[in-house]
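Keep the 3D view open as you read.

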Amino acid sequence: MSDTTEASKQPYQQAGTTDADKQFNQGIEKHMTRNSELHTLTTGLTDLDELLGGGLQPGQLVLVDGPPCIGKTGLGVGIALANAKEGVATAYHSLEMSAAQLGTRLVASVSGVDLSRIKSARLSDDEVSRFQAAAVQLSPMPMWFVDPTRRTVAQLTRDACKLKRERGLSLLVVDHLHLIAEEGASLALSLEMAISRLKRLAVELDICIVLMGHLHKRPAQLHAFFHPHLNDLRYQSAIEHYPDVVLLLHRPGYYDPTVDQTWANIVVAKHRTEKTGVVSVAWQSACARFVDAPPPRFTSPHQCYAEAAY
Ligand SMILES: Nc1ncnc2c1ncn2[C@@H]1O[C@H](COP(=O)(O)OP(=O)(O)OP(=O)(O)O)[C@@H](O)[C@H]1O
């Protein structure tokens, strides 16, 4: 008798009995085991970690966006430091700063010493000891700076694979997207290709990639009073498809000198598996870092509206 019974000819089968169902159930079990083994990566910011469902995950591409000098590098350095401190193998690929400049940013971020005072070498005794303590804290951390002359995704991929193989890389910060060149492609195509390839790299190496971008297109006059949204970014199709998480930086004081200059918000504008929302943090300009902060005190009705409007 052939196996073409009535049941096997049905175009559908009872839920839970098909091969696809079995594969689905096995997939869920595997996913749950994997999740319990996953090492969540911190952002270094308590409320942000909470909103992100515990933090960032291996395999994720995280896009951090905002206008020039809003603090993208500050956030990237903070995420890299917070994880390297925990022993997470971390690489920082800055395409805009030398290793020495990046080193200065790291020391300022750890010590809280004013960046301009470090650069001018005019430090008080207290600052010298904080600087030295930060350097001692930094030296054993598993953090690598990637050669800033490596400017294509292919070069970046080779370096990341090597670091994964030799050092167990878990976190890669790429600062920033616009400086990655894809030869022979238009800017739009080059950026979309870079975003998609970095997503693939994150999955293939099972690492978290934090990518800084500047894809904002919103008119500046609105920025002080409203949080940025996902649809304020260019290259929507790439943004919709590839990053797992999109963080938008917003500092009302960036646009309006009359408001509290430390007040900053991080908008989780996209998250593939968690809810979106906004967290308030504090921006410390002198050492270019974000730190945890209590909820902001509203100093004008416009600022209240910015909170309520998201
Ligand atoms: N030497 C310094 N002294 C004082 N503030 C500084 C110094 N260096 C940086 N900052 C602060 O850090 C801000 C820039 O932060 P950051 O470099 O993280 O921004 P960004 O968004 O990464 O900039 P870009 O778009 O140029 O990459 C400046 O606007 C300033 O507030």
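## Around the ligand

The ligand has 17 residues around it, and Cys69, Lys72, Thr73, Gly74 and Leu115 come closest (a residue counts if its C-beta atom, placed from the backbone, lies within 6 Å). Two or more shell residues come from each of α4 (72-85) and α6 (115-120); helices (H or I, at least four residues) and strands (E, at least two) are DSSP runs, numbered from the N terminus.

This is a predicted model, where local features need pLDDT of at least 70, side-chain atom pairs count only at pLDDT 80 or more, and totals for chains, interfaces and linings use all residues. Numbering starts from 1 along each chain as its sequence is written.

## Helix α8

Which residues of α8 are buried? They are Val153, Leu156, Ala160 and Leu163 (buried means 20 or more other C-beta atoms within 10 Å of a residue's own, exposed 12 or fewer, partly exposed in between, with C-beta atoms placed from the backbone). These four sit on the same side of α8 because they cover an arc of only 90° around the axis, taken from the directions from the helix axis to the C-beta atoms.

The face turned away from that buried side carries exposed Ala154, Arg158, Lys162, Arg165 and Glu166. Just past the end of α8, Gly168 has a positive phi of about 70°.
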